[in-house]
Amino acid sequence: MEDRELDRKVKQAFDGLTPEIFDSVLSDCRRQTGKVVSMKPRRKRNLLRRAAGIAAALLLMVGGVSAAGLWRLENTAVASVSLDVNPSVEIKVNEKEKVVSVTALNEDGQEIIANMDFEGSSLEVTVNALIGSMLRQGYLSVSANSVLVSVESTDSQQAAALEQRLREEIGGLLESGGVSAAVLSQQVNADEELRTLAEEYGLSLGKAQLIRDITTQDSRYRFADLVGLTINQLNLLSEELTLGGVQRSGQASEAGYIGSGEAMNAALADAGLSIDRISASFSRMDWEDGRMVYALAFDDGENGYEYTVEALTGQIISSVKELRTVLEQDAGEAGQILQEQTGSMADLVQEQSQSLEEWLSDASGDWAEWIRTHDEEIERWAEESGGQWEAWAEQYGGDWEAWARDHAAEVESWAKEQGRKWENYGELWESWAESLFD
């Protein structure tokens, strides 16, 4: 209501309350002797002025109290939303989701905000403008399509609803901008450690929480190593991890890298193999020595291969070839025993129905002759190897299958050398070998 209209209504109200008695008083005065002095109704006007002033003061007082309360309501933040790509910005909103402040948390964030003033704007309009700015300036693109949305609020229900809505809204904004969106969202539970990490490394609480979750799940990474990575890189590294509280939509883009297929082709070429020769393969993105790499593994049925390939250039950083076929078929009887045996050597000995003494008493003349012929050789071997076998027995705890895997190359070489002897002595040698591990 305008001031002029307010004054008019106040005047009407007080006119109605004040009786018009001036003419009556004047008539009574004329009946009296003496000089009659005409009195103008000044008091009435004064009264009206005073009443109007009081009413205006009351209105100003009530209005002032209301304005102060409204100001506090509009400028009190009840929730915080951070958007991380590489630019990081923090948006604080009141209970009506009107923006109280928008703060850049790094230099890229300052570029995104530029000279835009969001105070008093709706959260939806603000997020739309910030995501649009990131798209225009190339921070979000086909090759870097991941956004982290983090919500902090004392009202968990409000935080959950806000998190879901923003994840869907941002996904839609990116899709409309021609980018296949990959959005990570979470609620922030800021303990003292998290706040210290965020302050120390200049991160939003949301990004600090995501990195801490990754390093907790994968001990190969250290927090400081991942601080400089973009959200798209962190998304690629954590695809195989189960991060509690993090909601995912979409797939992180590899368009900025050569791709896992090209990395595998480079490794196969280095190994002298073709894709049709491998029986199994594995590939994942990794972070090693300050660069993104592909960690690859494949098997050709005889050998296992592990490769590390630089993700940007396809350069082979490291490779390992491991012999998968430990023993060959023609290695003789003992080789077949080690291949087919599923238990430990201790199990073999326990399953043996006859003791060495019993077996020797029933041994054929050929075997007895061999024992007598090689008696000194057997004794010398036992003296030279006894300590080693005791050490192995203590190290492997009777698990000779594990020992065979760890000493595959030695066993294979020895098996080939002794193959013909084992063929000659057959089952006699097998039983004698079992008895050595008792």
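In which sense do strand E9 and E10 pair, and over how many bridges? In this predicted model, strand E9, which covers residues 303-310, pairs with E10 in the antiparallel sense over seven bridges. The protein chain has 438 residues, of which 37% count as buried, and its secondary structure comes to 18 helices and 10 strands.

**The chain as a whole**
- Among the contacts in the protein chain with a separation of 6 or more, 53% are accounted for by residues 24 or more positions apart.
- The protein chain exposes about 26000 Å², and carbon and sulfur atoms supply 48% of that area.

**The sheet and the helix across it**
- Four strands form an open sheet in the order E7-E8-E9-E10, and the pairing is antiparallel.
- Strand E7 (280-288) and strand E10 (316-323) are the edge strands, each pairing on one side only, and neighbouring strands of this sheet are turned by 15 degrees against each other on average, direction ignored.
- Where E9 and E10 pair, the bridge partner of Tyr307 is Ser319 in E10.
- Helix H11, made up of residues 260-271, lies across E7, strand E8 (291-299), E9 and E10, and runs at about 55 degrees to E8.

**A network of salt bridges**
- A search of the whole structure finds 10 salt bridges, and a network of such bridges links Asp218, Arg220, Arg284 and Asp286.
- Side chains of opposite charge can pair when their charged atoms come close.
- Arg220 forms a salt bridge with Asp218, with the closest N and O atoms 2.8 Å apart; Arg220 is partly exposed at a relative accessible area of 42%, whereas Asp218 counts as buried at 11% relative accessibility.
- Arg220 also meets Asp286 in a salt bridge through their side chains (2.6 Å, N to O); because Arg220 lies in the loop between helix H8 (205-217) and helix H9 (223-226) while Asp286 lies in strand E7, the pair ties together parts that are 66 residues apart in sequence.
- Asp286, which counts as buried at 6% relative accessibility, meets the side chain of Arg284 in a salt bridge at 4.0 Å, N to O, and Arg284 is partly exposed with a relative accessible area of 29%.

**A buried serine in a loop**
- Ser253 lies in the loop between strand E6 (247-249) and H11, and Ser253 counts as buried because its relative accessible area is 10%, the cut-off being under 20%.
- Leaving aside residues up to four places away in sequence, Ser253 touches Val142, Ser143, Ala144, Asn145, Asn232 and Leu236.

Conventions. Residues numbered from 1 in each chain as written. Predicted model: local features only at pLDDT ≥ 70, side-chain atom pairs only at ≥ 80, totals over all residues. Heavy atoms only, no water. Pairing = 2+ DSSP bridges. Helix = DSSP H or I, 4+ residues; strand = E, 2+ residues; numbered from the N terminus. Axes fitted to C-alpha atoms, helices over the stretch in contact; angles between N-to-C directions. Contact = heavy atoms within 4.5 Å. Buried < 20%, exposed > 50% of the residue type's maximum accessible area, 1.4 Å probe, protein only. Areas by Shrake-Rupley, 256 points an atom, 1.4 Å probe, with all protein chains shown as cover.
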